[in-house]
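This report concerns the fold of a single chain, its core and its helices. Please consult the sequence and the structure shown here alongside the text.

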Amino acid sequence: MGMELADYGPKPTTAKAVEQRKAAIRIADQIGKEHPHPLDDEDPAQAGRELAKDPAIAAGVLELADQLGIRPDQIRRPA
């Protein structure tokens with residue numbers, strides 16, 4: 001009768017995808033710590049979009065992703 005957490009929402013299917021998702025979350029957390037934004041508490045998604053517009057921050061994210069083996073074409077862009 002109990003449902004497992006794995007039953008909720010889309011999930012990565014390979015170990016590599018799981019590790020890359022964890023790495024991407026870690027990168028986002030690190031960028032957030034290095035670049036506090038006034039919208040962090042009220043609307044963190046909007047704060048992230050604002051930070052992503054900064055070319056220096058975007059370059060740093062791509063550099064970290066590259067070091068972790070995540071290619072730019074693997075990064076999902078919002079619709």
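The following paragraphs describe the chain as a whole, then its core, then selected elements.

The model is predicted: local features need pLDDT of at least 70, side-chain atom pairs count only at pLDDT 80 or more, and totals for chains, interfaces and linings use all residues. Residues are numbered from 1 along each chain as its sequence is written, and side-chain values use heavy atoms, with hydrogens and water left out.

**Overall architecture**

The chain contains 3 helices and 0 strands, and its elements follow the order α-α-α from the N terminus. Helices (H or I, at least four residues) and strands (E, at least two) are DSSP runs numbered from the N terminus. Of the 79 residues, 11% count as buried; buried means under 20% relative accessible area, exposed over 50%, and partly exposed in between (1.4 Å probe, protein chains only).

**The nonpolar core**

The largest nonpolar core has 7 residues: Ala-23, Ile-27, Ile-31, Leu-51, Ile-57, Ala-65 and Ile-70. Such a core is a set of buried Ala, Val, Leu, Ile, Met, Phe, Trp, Tyr and Cys residues joined through side-chain atoms within 4.5 Å. At least two residues of this core come from each of helix 1 (15–34) and helix 3 (55–67). Helix 1 provides the largest share, 3 residues.

**Helix 1**

The 20 residues of helix 1 should span 28 Å at 1.5 Å a residue, and the 29 Å between its end C-alpha atoms agrees with this; the expected span is 1.5 Å times one less than the number of residues.

| Side of helix 1 | Residues |
|---|---|
| Buried | Gln-20, Ala-23, Ile-27, Ile-31 |
| Exposed, turned away from the buried side | Ala-15, Lys-22, Lys-33 |

The buried residues Gln-20, Ala-23, Ile-27 and Ile-31 cover an arc of only 75° around the axis, which puts them on the same side of helix 1. The arc is that of the directions from the helix axis to the C-beta atoms. Helix 3 is included in what covers these buried residues.

Leaving aside residues up to four places away in sequence, Ala-23 touches Leu-68 and Ile-70, where contact means heavy atoms within 4.5 Å. Gly-69 lies in the segment after helix 3 and is partly exposed, with a relative accessible area of 40%. Its C-alpha atom is separated by 9.7 Å from that of Ala-23, 46 residues apart along the chain.
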